[in-house]
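Trainee: Could we go through this model together, with the general idea of each feature before the particular case?

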Amino acid sequence: MSKLTKYCLKKLVCGLLSAALVTVSVPTCFTGLGVNAETAGNYIKNGDFESLDDDPKPDFSPNEWEYVSGGWYIEKVGTAVEGNAHLVATQDSESKQTVSLPNGSYDFSGWLNPSYNVNEIKITLKSGANEASVSVKNGETAAYKTIDRFEVTTGEITIILTADVVTNFDAAAILDDLKLVKSSDNFIKNPSFENTDNGTVPDY
């Protein structure tokens, strides 16, 4: 066999192996789970609000989030807590996202900032009869809020974003960095500080 033939066969085998590896790296069995590819393990799509909704006429609405009322919009800023953008509402607004996922316990976290003229920003999780929410109100400090071990019972969860402002179009309610992960994927022990150290002399 000539050197040229050996070289061609080697290139062909390498090309086939590369294609096989690419195919294996994106298992099709995971395509329906709604996992955000930008943040492995995060079931909320576009939770960092970096992606617009791809409408022909840009209106800065967030991709993957369903409009309900008012209007949340993406703002590109250098002060976002995650990435280069966050979500803002300047009027009473509501958007939601429903995600399919296996039943079980999930941990939620998100950044809520009642920046200006806001009565309350609220994020609500719903699955069947189960419901839980976190919020920040006027005068409170911007912060990460968490919901630990939320039970999904119907194979899906709806995340609802709500802004209640003092004066429409003269306010700024800000959200960023929303994550929903399986509780078993949280490697921080006792993240909600519910458990004491079980010392002989309780020191809390």
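Mentor: Strands of a sheet pair through backbone hydrogen bonds, either parallel or antiparallel.

Trainee: How many bridges join S6 to S7?

Mentor: Strand S6 (residues 118–127) is joined to S7 by eight bridges, and the two run antiparallel. Leu-125 has Ala-132 in S7 as its bridge partner, while Ile-123 stands opposite Val-134 in S7. The two strands form a hairpin with two residues between them, and Gly-128 in the turn has a positive phi of about 60°.

Trainee: How should I read the numbering and the confidence limits?

Mentor: Residues are numbered from 1 along each chain as its sequence is written, and side-chain values use heavy atoms, with hydrogens and water left out. As this is a predicted model, local features need pLDDT of at least 70 and side-chain atom pairs count only at pLDDT 80 or more, whereas totals for chains, interfaces and linings use all residues.

Trainee: How many aromatic pairs does a search of the whole structure find?

Mentor: Rings of Phe, Tyr and Trp (its six-membered ring) pair if their centres lie within 6.5 Å, and planes under 30 degrees apart count as stacked, over 60 as edge-to-face and the rest as tilted. The search of the whole structure finds three such pairs. In one of them, the rings of Tyr-43 and Tyr-106 have centres 5.6 Å apart and planes at 85°, so the pair is edge-to-face. This pair links distant parts of the chain, 63 residues apart, with Tyr-43 in the loop between helix H1 (3–25) and strand S1 (66–69) and Tyr-106 in strand S5 (residues 104–116).

Trainee: Are Tyr-43 and Tyr-106 buried or exposed?

Mentor: Buried means under 20% relative accessible area, exposed over 50%, and partly exposed in between (1.4 Å probe, protein chains only). Tyr-43 is buried at 8%, and Tyr-106 is buried at 0%. Another pair is formed by Trp-111 and Tyr-144, whose ring centres are 5.3 Å apart with planes at 65°, so the pair is edge-to-face as well. Because Trp-111 lies in strand S5 and Tyr-144 in strand S8 (residues 143–152), this pair ties together parts 33 residues apart in sequence. Tyr-144 counts as partly exposed, with a relative accessibility of 39%.

Trainee: Which residues does Glu-82 touch, not counting those up to four places away in sequence?

Mentor: Contact means heavy atoms within 4.5 Å, and with that exclusion Glu-82 touches Asp-48, Glu-50, Asp-176 and Asp-177. Glu-82 is found in the loop between strand S2 (72–76) and strand S3 (85–89), and counts as partly exposed at 29% relative accessibility.

Note on methods:
Helices (H or I, at least four residues) and strands (E, at least two) are DSSP runs, numbered from the N terminus. Two strands pair if DSSP finds at least two bridges between them.
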